[in-house]
Amino acid sequence: MTTTRRLAAGLCVLLACLSTSAPPASAADEPEQAPPRVELVLDVSGSMRARDIDGGSRMAAAKKAFNEVIDAVPEEVHLGIRTLGATYPGEDKRTGCRDSEQLYPVGPVDRTEAKTAVATLAPTGWTPIGYALRGADADLGTGEGTRRIVLITDGEDSCGLPDPCDVARELAAKGTHLVVDTLGLTLDAKVREQLSCIAEATGGTYTAVQNTDQLASRIKQLVRRAADAPPEEPAAVEGADRCAAAPVLTPGVYTDRQEFGQHRWYRLELLPGQEVRASVSVAADRAVNRDYGVLLRAVDARGRELVRGTDAGGGRTDAVSAGLRYPLAARDDVDLDDEELKPATTAVCLEVSNSFSAPASVKRTPGMPVELSVDVVKSPDRAYDTAAFGLGRGWVLLGVLTLVGLLAGLLWGWVSRWRITVRRTN
């Protein structure tokens with residue numbers, strides 16, 4: 001009997017220990033958020049020997065900045081390093097334009113190992129920027145989480161193909177939310193133009209760097225930005241060429257691609273008493289002609305225009321945006337909070353079109369980046385859109401306005417004649 005009691009007591013103690021040590025089911029079931037991934041792409045071509053940064057070479061400035069960045073990388077960031085032009089010193093263009101390799105794999109940072117790898121670099125060969133960007137995209141992998149490339153170079157691409165701007169557009173069109181930031185170690189106009197094109201195509205930034213401290217500070221800022229980026233990204237959607245085939249959207253932010261002069265359609269389902277608020281931005285990620293515009297309009301199922309928003313420009317800009325609001329009139333027999341009293345929804349289609357054009361040498365594909373923001377809220381009690389609320393329809397209102405105008409005109413004419421008669425009498 002005593003043995004049985006001891007066994008029972010021991011079993012209770014064991015169960016108690018297991019219950020206190022086991023994590024809560026809710027915490028265990030929560031999916032882990034993918035870590036932000038950043039790859040630094042460093043130009044190690046022969047031109048990095050130039051001694052014009054803080055009295056030393058560009059390569060020495062880059063190494064010093066990289067050491068500071070490696071020390072400051074947040075623990076949650078997975079960092080990698082890729083080089084271009086670091087190994088082949090010859091004159092064969094075919095070989096030199098494939099000279100890009102991963103120096104340090106993307107992952108948790110071993111600071112000593114990463115610094116040792118950077119210390120071995122010496123300016124060597126060509127500048128295959130487009131080829132290196134494709135390699136960096138592969139290094140970062142796919143899946144959820146922030147993906148960012150930071151390109152540091154002192155010159156423009158020396159290979160021609162693949163064109164870095166075209167590569168940046170291709171990477172952006174893949175819909176993996178990759179951002180490329182560029183840093184130029186010279187003030188050359190051609191370098192600035194190419195690096196700006198790469199950054200704009202992916203929603204990144206371009207910075208011209210003058211000294212070592214500025215280089216280190218900017219890279220650290222971009223790495224921290226990857227760590228602070230919100231985990232939620234805009235959802236990719238493909239608009240249709242007509243309203244009937246358009247994808248149905250719910251409130252949120254969406255990304256798409258649109259070619260020059262193309263029309264893209266999206267559809268919403270609204271209830272009486274609801275209002276749609278929408279805005280669209282089309283990014284000019286390539287050289288475009290002057291005088292362009294963007295149109296966002298809402299139409300009903302019969303193709304009748306309900307409301308529109310437009311924007312236009314005449315010079316170089318990063319993006320053109322337009323927005324609109326359209327409410328559906330509320331009904332007394334409808335309660336949006338009561339499932340039984342909810343009526344059928346009304347289809348409202350959004351059309352996005354643009355009037356961009358470009359020289360024949362500019363590539364049309366992939367299309368320009370489009371970001372569409374959609375929200376559905378309760379309609380305001382006060383009607384700011386009389387047509388939407390039904391006050392501008394029918395002949396009654398037209399007759400009332402005509403009668404009021406006629407009476408006002410007769411009254412004004414009588415007053416004018418009376419004043420003239422008084423003046424003549426006096």
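## An exposed glutamate and its partner

Glutamate 75 is exposed, with a relative accessible area of 67%. Exposed means over 50% relative accessible area, buried means under 20%, and partly exposed lies in between (1.4 Å probe, protein chains only). The side chain of glutamate 75 meets that of arginine 111 in a salt bridge, 3.2 Å from N to O. A salt bridge here is a side-chain nitrogen of Lys or Arg within 4 Å of a carboxyl oxygen of Asp or Glu. The pair links distant parts of the chain: arginine 111 sits in helix 5, and glutamate 75 sits in the loop between helix 3 and strand 2 (78-84), 36 residues apart. Arginine 111 is partly exposed, at 25%.

## About the model

This is a predicted model, in which local features need pLDDT of at least 70 and side-chain atom pairs count only at pLDDT 80 or more, while totals for chains, interfaces and linings use all residues. Residues are numbered from 1 along each chain as its sequence is written, and side-chain values use heavy atoms, leaving out hydrogens and water.

## The overall fold

The protein has 10 helices and 15 strands. These are DSSP runs numbered from the N terminus: helices are H or I with at least four residues, strands are E with at least two. Of the 426 residues, 42% count as buried.

Take the contacts between residues at least 6 apart in sequence: 76% of them join residues at least 24 apart. A contact means heavy atoms within 4.5 Å.

The structure holds 21 salt bridges. One of them joins the side chains of lysine 115 and aspartate 71, at 2.7 Å from N to O. Lysine 115 is in helix 5 (residues 111-119) and aspartate 71 is in helix 3 (residues 58-72), 44 residues apart. Lysine 115 is partly exposed at 28%. Aspartate 71 is partly exposed at 44%.

Arginine 297 and glutamate 305 also meet in a salt bridge, at 3.1 Å from N to O. Arginine 297 is buried at 17% relative accessibility, whereas glutamate 305 is partly exposed at 33%.

## Three disulfides

A disulfide is a covalent bond between the sulfur atoms of two cysteines. Here, a disulfide is counted when a pair of cysteine sulfur atoms lies within 2.5 Å. The count comes to three. Cysteine 97 is joined to cysteine 159, S to S 2.1 Å. The torsion about their S-S bond is about -100°, so this disulfide is left-handed. Both cysteine 97 and cysteine 159 are buried.

Cysteine 165 is joined to cysteine 197, S to S 2.3 Å. Cysteine 165 lies in helix 7 and cysteine 197 in helix 8 (residues 189-202), so the pair ties together parts 32 residues apart in sequence. Cysteine 243 and cysteine 349 form a disulfide with sulfur atoms 1.9 Å apart. The torsion about the S-S bond of cysteine 243 and cysteine 349 is about 65°, so the disulfide is right-handed. Cysteine 349 is buried, at 0% relative accessibility.

## A nonpolar patch

Leu403, Leu406, Leu407 and Leu410 make a nonpolar surface patch of about 410 Å². Patches use residues with over 30% relative accessible area and no salt bridge; like charges are joined within 9 Å, and nonpolar side chains (Val, Leu, Ile, Met, Phe, Trp, Tyr) within 5 Å. Leucine 410 lies in helix 10 (residues 395-425). Leucine 410 is exposed, at 55% relative accessibility.

Note on methods: Accessible areas come from the Shrake-Rupley method with a 1.4 Å probe; for residues, only the protein chains shown count as cover.
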